[in-house]
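Biologist: I am new to this structure and would like to know what the terms rest on. Please show it to me and begin with the words used for accessibility.

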Amino acid sequence: MKQQSRLRRLLGLKEKNAEKETNDLSIDYPETEVSSTSSGIASHESSVDEDEFHDDVYADVRDRMEELSARDRSRYASHSESHTEEELKLPVFAAYTTYLGYAVLILCGHIRDLFANIFGHGRYLRRKTPYSSDNLQVFAPLLKSWENFYTRRLYHRIQDCFNRPIASSPGASIQVLERVSDNGTKTLELLGTLDDLDTDKQREEYEKSPHFVKVSQDRVARNCLNLGSYNYLGFADDWNITCKAEVVRSMEDLPISNSSPRNEYGTTHLHREVEELVARFLGKEDALCLNMGFNTNCTTIPALVQRGDLIISDELNHTSIVNGARASGAAIRIFRHNDSKHLEGILREAIVMGRPRTRRPWNKILVIVEGIYSMEGEYCDLANVVRVCKKYGAYVYLDEAHSIGAMGPTGRGCSEYCGVDTSDIDIMMGTFTKSFGGMGGYIAASKDVISFLRKSCAGSSYHNSLSPVVCQQVISSFKVRIIFYGLS
């Protein structure tokens with residue numbers, strides 16, 4: 001396969017013997033300059049050591065990965081392959097077994113509650129406490145009966161899977177502290193050292209485990225493969241080499257927190273530098289950085305639209321977008337995921353019919369999509385979305401929380417990957433959490449829009465500003481990216 005051979009050569013992998021392709025995706029996709037997330041490596045093929053990739057950890061699935069990558073580029077970047085989005089369907093077996101598991105847990109939970117009330121003994125039986133607020137004859141319960149039941153009988157049984165404390169940087173491998181429970185996982189406590197175990201047999205079992213490791217103060221931890229962090233470009237793995245010196249140096253002059261919003265005393269020269277870097281990187285006039293990625297959507301969308309406006313949102317958009325849209329007071333319409341024809345139909349109807357009852361035209365229409373949909377991992381068909389929005393005069397709001405930095409030949413996100421000029425995207429949102437090793441989010445747009453948001457966005461006016469230390473982390477990660485890609 002031509003595309004496969006090209007990617008193998010760029011990645012420095014040995015060519016395999018020609019085999020008959022049996023997969024239905026094994027077709028010759030056309031060449032395109034816009035590459036996948038591995039395009040950063042591709043742009044530096046001359047500097048790649050061919051022996052470096054011989055021991056490929058993805059060797060068993062490399063062919064499949066390259067085929068899927070080529071298919072996606074053909075669909076979303078070059079648009080040489082027509083496609084229709086298939087409805088995501090849950091297998092019947094998975095659905096029934098999931099519901100069956102919940103049914104068994106709920107039934108057993110009610111039976112346990114029944115016997116606890118009859119015999120007056122149980123882990124969750126309410127007992128008298130010295131706190132007056134626990135007197136339900138005077139105070140209303142804080143939790144509804146179902147919320148309380150779910151926590152007691154469902155969540156507590158599996159809570160050891162969540163909230164795992166770690167003792168290392170969130171790199172490719174991660175050290176997770178061991179926790180123990182003596183009451184059926186109702187409560188969990190850190191194990192501490194091996195001396196805290198009851199028997200020598202337990203200590204021996206831990207020491208013989210291939211994943212056993214001791215961390216600071218001889219605490220017991222477990223080496224695990226990290227599949228739960230946003231460490232897209234590996235800054236958590238090599239932070240000591242790439243960013244540590246500048247980040248630590250920034251604390252000599254500036255505090256950890258400015259303890260003030262941006263509009264008061266929360267702006268430093270590092271904040272200005274981050275915003276200038278983001279704006280230049282994305283080809284926009286100006287940018288605004290905020291303290292939290294989730295709140296960037298939650299506070300920016302209500303500032304941009306209000307009652308009398310219309311939001312048209314992809315059905316798979318993130319919860320932060322949903323919360324921001326609901327808080328705005330604007331009318332909301334949903335279009336099928338990546339279905340530009342359905343989007344066009346909704347736009348036509350909105351323009352022709354106007355607002356409900358009055359039929360007055362909408363003040364403005366804002367279409368909101370994501371570059372990469374975080375829960376499904378699917379790309380946005382951005383080129384067609386922008387084409388439809390330009391045709392009908394709707395504004396485009398692009399959430400690039402998961403695509404900025406890790407998508408496109410130079411990491412400029414979904415717009416670069418899909419070949420869409422950023423001037424055709426009115427509002428560009430992203431976060432510094434995934435590909436920059438930091439936290440917070442940004443909005444990039446025209447100077448007029450950013451100037452308006454600085455005054456009207458609650459995240460800028462009322463929320464504590466982004467930590468100067470995090471600003472320096474973002475700046476340092478930008479420098480690494482600029483050096484790697486040879487950007488000016």
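Modeller: A residue is called exposed if its relative accessible area is over 50%, and buried if that area is under 20%. Keep in mind that this is a predicted model.

Biologist: Which residues of H12 are called exposed?

Modeller: Lys341, Glu349 and Val352 are exposed, so each has over 50% relative accessible area.

Biologist: Which residues of H12 are buried?

Modeller: Ser340, Leu343, Glu344, Ile346, Leu347 and Ala350 are. Because their directions from the axis of H12 fall within an arc of 165°, they line one face of the helix. In general, residues three or four places apart in an α-helix point the same way, because there are 3.6 residues a turn.

Biologist: What covers the buried residues of H12?

Modeller: The cover includes strands E7, E8 and E9 and helix H13. Contact here requires heavy atoms within 4.5 Å.

Biologist: What is the reach of H12 set against?

Modeller: H12 spans residues 340-353 and reaches 20 Å from its first C-alpha to its last, close to the 20 Å expected for its 14 residues at 1.5 Å a residue.

Biologist: What caps the N-terminal end of H12?

Modeller: Asp339 does, with a side-chain oxygen 3.2 Å from the backbone nitrogen of Lys341. The cut-off for a polar contact is 3.5 Å, so this pair is within it.

Biologist: Why do E7 and E8 count as paired?

Modeller: Pairing needs at least two bridges, and E7 and E8 have five, in the parallel sense, so they count as paired. Ile312 stands opposite Arg333 in E8.

Definitions and conventions
Residues numbered from 1 in each chain as written. Predicted model: local features only at pLDDT ≥ 70, side-chain atom pairs only at ≥ 80, totals over all residues. Heavy atoms only, no water. Helix = DSSP H or I, 4+ residues; strand = E, 2+ residues; numbered from the N terminus. Expected span 1.5 Å × (residues − 1). Buried < 20%, exposed > 50% of the residue type's maximum accessible area, 1.4 Å probe, protein only. Arc of directions from axis to C-beta. Polar contact = N/O pair within 3.5 Å; in protein donor to acceptor, adjacent residues only side chain to side chain.
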